[in-house]
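Colleague: Please show me the chain, and then I will ask what the terms rest on.

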Amino acid sequence: MIRTLFCALALTLLSMGNAAAEQKQSVGNFDIHYVALGSTFITPSIAKTYGIKRSSYTGLINISVLDTSAEGTPAIPVEISGIANNLLDARVELTFKEIHEGEAIYYIAEVPYRDDQEINFQIAIKYGNKLNTQLKFKQKFYVD
């Protein structure tokens, strides 16, 4: 049986310990969960299922937005776009893919990197007139 993307990422984060953990930003009645990791942490079957490129030089960004004001804190569909840039200011426009698994909604994007490279992410997230925010974070990637 193929594990879901959520379970795969959760298991990956647990096995990595504190070195890389899911992060969260709360904005009003919304929790934005995000994580960035090397795509080789995803199993080949999960990568195939979701069309994710597994490579030692490809990072994976996973973002989900939850409505904390609604019962059960459901995932919500959002408009999402972003850019990634390294310290030399080489920019990559992120192309997010929306993934639905039951009631869960994830936004996945791939980003190229080199060994020992820190990438800055700037993600714009909008949900109607209820949420319009910028998510900024950094992640250092290593070639495995």
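Modeller: First a definition: strands are DSSP runs of E with at least two residues, helices are runs of H or I with at least four, and both are numbered from the N terminus. This is a predicted model, in which local features need pLDDT of at least 70, side-chain atom pairs count only at pLDDT 80 or more, and totals for chains, interfaces and linings use all residues. Residues are numbered from 1 along each chain as its sequence is written, and side-chain values use heavy atoms, with hydrogens and water left out.

Colleague: What sits between the strands in the hairpin of E6 and E7?

Modeller: Two residues lie between these strands, and Gly102 takes a positive phi near 65° in this hairpin.

Colleague: Why are E6 and E7 called a pair?

Modeller: Two strands pair if DSSP finds at least two bridges between them. Five bridges join E6 (residues 97–101) to E7 (residues 104–112), so the two count as paired, and they run antiparallel. Glu98, for example, has Tyr107 in E7 as its bridge partner.

Colleague: What makes E5 and E9 edge strands?

Modeller: The open sheet has the order E5-E4-E8-E9, with antiparallel pairing. E5 (91–94) and E9 (131–141) each pair on one side only.

Colleague: What share of the chain is called buried?

Modeller: Buried means under 20% relative accessible area, exposed over 50%, and partly exposed in between, using a 1.4 Å probe and protein chains only. By that rule, 43% of the 144 residues count as buried.
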